[in-house]
Amino acid sequence: MGLMTRNEYIESLGRMKKRVFIMGQEVENLIDHPLVRPSLNACAMTYELAQQPEHADLMLTTSNLTGQTVNRFTHLHQNTADLVIKVKMLRLLGQMTGCCFQRCVGMDALNALDSVTYEMDRAMGTGYHARFRQYLKHVQERDLVMNGAMTDPKGDRRLKPSQQADPDLFVRIVERKPDGIVVRGAKLHQTGALNSHEIIVMPTQTLSEEDKDYAVSFAIPADAQGVLMIYGRQPSDTRKLEGGQRDLGNREFGGHEAAIILEDVFVPWERVFMAGEYAFSGLLVERFAGYHRQSYGGCKTGVGDVVIGATQSLAQYQGTDKTSHIKDKIVEMIHLNETMYACGIACSAEGKPTASGTYLIDPLLANVCKLNVTRFPYEITRLAQDIAGGLLVTLPSEKDFANPKTGPYLEKYLHSVEQYTTEDRCRMLRLVENLTLGPGAAAYLVESLHGAGSPQAQRIMLRRLANLEEKMRLARRLAGIGNHREKQ
Ligand code: SF4
Ligand code: FE
């Protein structure tokens, strides 16, 4: 027990008995599967960096529960410095992997559940918080990866959970027993599910009394009886099955999402953190989303650093880096990237303690952060593709470079600036392709758009949190309107 090394983490997953399907096949050896391994490598970086003394200040901290050194991914934020360091840690990991490294969702779920179980107990006389903290000790002591599972399939969006033709379209309690509950349903888009030890399920939306069986939160081992996972495809994913290297762009790392099916899974009471308290489902969703909207200010800027670095390198290799409009476009990319980071840092620095003592980000600024993340990576991507040029999508396969009949022609006609090789140019083109069109774009673009809630969810929060009344009062005071008239 205690901190795991990278290899110990991978071995621990290898011992699990998850039921996983990938492209129609049930997979026996999950950790060595070529479609899964890059995502496993990325998640394993959260262990690898934690072993490196130069990153200890970001990756490690002291548990407020046990006093032991823990990986920050299992930690409850104790102050605003913890929140700020979290964003820096995620940026570092984004820089090192160039993809989604998956472990943040669980960290955000743990922090959200800590304050919500505390407040729920106080309001309703339940006993979830002590139970949750006991569970968290188990997680910290074993240095586990948690899959935070929120998004239900949701069926017909006009209907509430209990109104759906199929009652299983939201995860629900199907049976209450003396020793626990039985749950059924599915969670979609589950980041890093295959690389997780545990799944923490939360409700997906605010619920009312008739839907109280859907107000359920619990933790289960990812290989619990009745759990089944189906791997989600990504653009160009089968390149990983071709046995090559160069055409992958990012040879070592990548993220993944999966659908998780829960077929009558038994959960003992000590792992249940909400069972019917519908009045707190909305708060749990909001807290989790708030933390995860902060997270993007770290991870997406780290990946953005790689996109910018790759684009600047390509400009150099192709001889355009000194051109004024190219320089200006790179500056624009930097500006957009650092704006997202600034929002991540700002919502952390403005964090406040919740009643349980765990710190929460400033929700308004976290929503601004995420709303920027729904847009800026797209503009950064457009600029990267602009600078890269059309070869980004017309470059022949690495097999054509290897073929003696075609390779020499490609070497000759794709060579650009003298001191850089054709191969370096092509490798960098593939990296930009991966990040802006390929599997990397699944996380850098579409996941930026919809992860932690689609843009409209953030706009609703901005409207709610911005205190428009106060802004109008400020304006009325200066304009000498209403109560302020006499002072003029
Ligand atoms: Fe973490 Fe970012 Fe992946 Fe979400 S998208 S799990 S915040 S790396
Ligand atoms: Fe996400």
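A: The answer starts at the metal, goes on to the neighbouring ligand, and ends with the salt bridges.

This is a predicted model, in which local features need pLDDT of at least 70, side-chain atom pairs count only at pLDDT 80 or more, and totals for chains, interfaces and linings use all residues. Residues are numbered from 1 along each chain as its sequence is written, chains are lettered from A and ligands numbered from 1 in the order in which they are written, and side-chain values use heavy atoms, with hydrogens and water left out.

The iron ion, ligand 2, is coordinated by the OH of Y296 and an OE of E447, at 1.9 to 2.2 Å. Y296 belongs to helix 7 (residues 281-318) and E447 to helix 14 (residues 439-450), so the pair ties together parts that are 151 residues apart in sequence. Donors here are N, O and S atoms within 2.8 Å of the metal (3.2 Å for Na, K and Ca); since water is not among the atoms, sites may look incomplete. Helices (H or I, at least four residues) and strands (E, at least two) are DSSP runs, numbered from the N terminus. Both coordinating residues are buried: Y296 has a relative accessible area of 2%, and E447 has 14%. Buried means under 20% relative accessible area, exposed over 50%, and partly exposed in between (1.4 Å probe, protein chains only).

Y296 and E447 also belong to the residues around ligand 1, together with C100, F101, Q102, C104, V105, T191, H292, S295, C299 and K300. A residue is counted here if one of its heavy atoms lies within 4 Å of the molecule. Helix 7 gives the most to this shell, with 5 residues, while helix 5 (104-124) and helix 7 each supply at least two. By class, the shell has 6 nonpolar, 4 polar and 2 charged residues. Ala, Val, Leu, Ile, Met, Phe, Trp, Tyr, Cys and Pro count as nonpolar, Asp, Glu, Lys and Arg as charged, and the others, Gly among them, as polar.

E210 is partly exposed at 49%, and K160 is partly exposed at 35%.

R184 forms a salt bridge with D168, with the closest N and O atoms 3.6 Å apart. R184 is in strand 7 (residues 180-191) and D168 in the loop between strand 5 and strand 6, so parts 16 residues apart in sequence are tied together. R184 is partly exposed, at 22% relative accessibility. D168 and R184 are linked with R172 and D264 in a network of salt bridges.

A further salt bridge pairs the side chains of E423 and R246, at 3.9 Å from N to O. E423 is in helix 13 (residues 422-436) and R246 in the loop between strand 10 (227-231) and strand 11 (257-268), 177 residues apart. E423 counts as partly exposed at 29%, whereas R246 counts as buried at 15%.

Terms used:
Salt bridge = Lys/Arg side-chain N within 4 Å of Asp/Glu carboxyl O.
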